[in-house]
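The sequence and the structure are shown below.

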Amino acid sequence: MTSTNKAGTHGTVLEDTVAAQDGAIVELRNAGKSYGNIRALHGVDLKVHPSRVTCVLGDNGAGKSTLIKIVSGLHQHTEGDFLVDGRPVRFNSPREALDKGIAAVYQDLATVPLMPVWRNFFLGSEMTKGPWPVRRLDIEKMKQTADGELRNMGIVLDDLEQSIGTLSGGQRQCVAIARAVYFGARVLILDEPTAALGVKQSGVVLKYIAAARDRGLGVIFITHNPHHAYMVGDHFSVLRLGTLELSADRSQVSLEELTNHMAGGAELAALKHELAAVRGVDVEELPDEKDLTAPESAPPEGTS
């Protein structure tokens, strides 16, 4: 199968090399969102397949947060189509999205720092036992379940009674990921999970993103770091000013090309000859405009 290029709203859109289009759990078609006269998102196409990490990159104000809010059910799209399992949907709340298996893990993680790990794992969905009206929390079962689910994700904590606030940022992110998986997430949206982490802790989070993918989840990884995205990503969508700057499968774009698109390489390339006249500015490393169009991927062996 060969891939073909089609014009994007702002840049380059390379058709996904995944053949089974109908296998997408979540799909946006020409989707957009306006707040009054302000158009925050426009003409965005996005597919999320099981066992794949779809990375959404963009600078501040690119439209990443708006996209998250649409997919997670916080806001409704005002343009285009939003499909889940091939059927058009319009969520009225995040609970409706969660009922369809779409869970979002935000930067603040929605945890209570002074509560123990097991309690945060079941926060809002606690297990109970005993007859009504004297039902009580089933603490032992919640501890066993939380420990088992964390271990399934490769997370081993010595003491589930410790306050979750005592864990590192990377560990808290991983607990949030395991919690979403346990409660039935099929699509996991991660909002800048490595933004406030150091190199080592970022690596821990990326490891568990890959683990979630290996368990069959479709992952939407929101980030402004192309290096982190390229480590785990299967498909890359770069947003700029609310539109698609680039949409490409991993085999169709290199890390350098992804970084150039993310860093506004098109604008810098257009200004390269002008910047060259500015003293103290080295333009040798800046890309040329012709270098910013990702090449078509070669057809797999044995296909035509």
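What span should the 14 residues of helix α5 have, and how far apart are its end C-alpha atoms?

## Length of the helix

The model is a predicted one. Helix α5 covers residues 169–182, and at 1.5 Å a residue its 14 residues should span 20 Å. The end C-alpha atoms of α5 are 20 Å apart, which agrees with that expectation. Just after α5, G184 adopts a positive phi of about 95°.

## Burial

Counting as buried any residue under 20% relative accessible area, eleven of the 14 residues of α5 are buried, so the helix is largely enclosed by the rest of the structure. The buried residues are G169, G170, Q173, C174, V175, A176, I177, A178, R179, A180 and V181.

Their cover includes the strands β8 (102–105) and β11 (187–191). It also includes the helices α3 (117–121), α4 (139–152) and α6 (199–214).

## Packing against α6

Two packed helices are described by the angle between their axes and the distance between the axes. For α5 and α6, the angle is about 15° and the axes lie 8 Å apart. Because angles under 35 degrees count as roughly parallel, α5 is roughly parallel to α6. The crossing of α5 past α6 is right-handed.

On the α5 side, the contact is made by G170, Q171, Q173, C174 and I177. These meet Q201, V204, V205, Y208 and A212 of α6. By class, the contact of α5 with α6 comprises six nonpolar and four polar residues, with no charged residues.

Definitions and conventions: Residues numbered from 1 in each chain as written. Predicted model: local features only at pLDDT ≥ 70, side-chain atom pairs only at ≥ 80, totals over all residues. Heavy atoms only, no water. Helix = DSSP H or I, 4+ residues; strand = E, 2+ residues; numbered from the N terminus. Expected span 1.5 Å × (residues − 1). Buried < 20%, exposed > 50% of the residue type's maximum accessible area, 1.4 Å probe, protein only. Contact = heavy atoms within 4.5 Å. Axes fitted to C-alpha atoms, helices over the stretch in contact; angles between N-to-C directions. Parallel < 35°, antiparallel > 145°, perpendicular 65-115°, else oblique. Left-handed = near helix turned anticlockwise from the far one by under 90°. Nonpolar A, V, L, I, M, F, W, Y, C, P; charged D, E, K, R; others polar.
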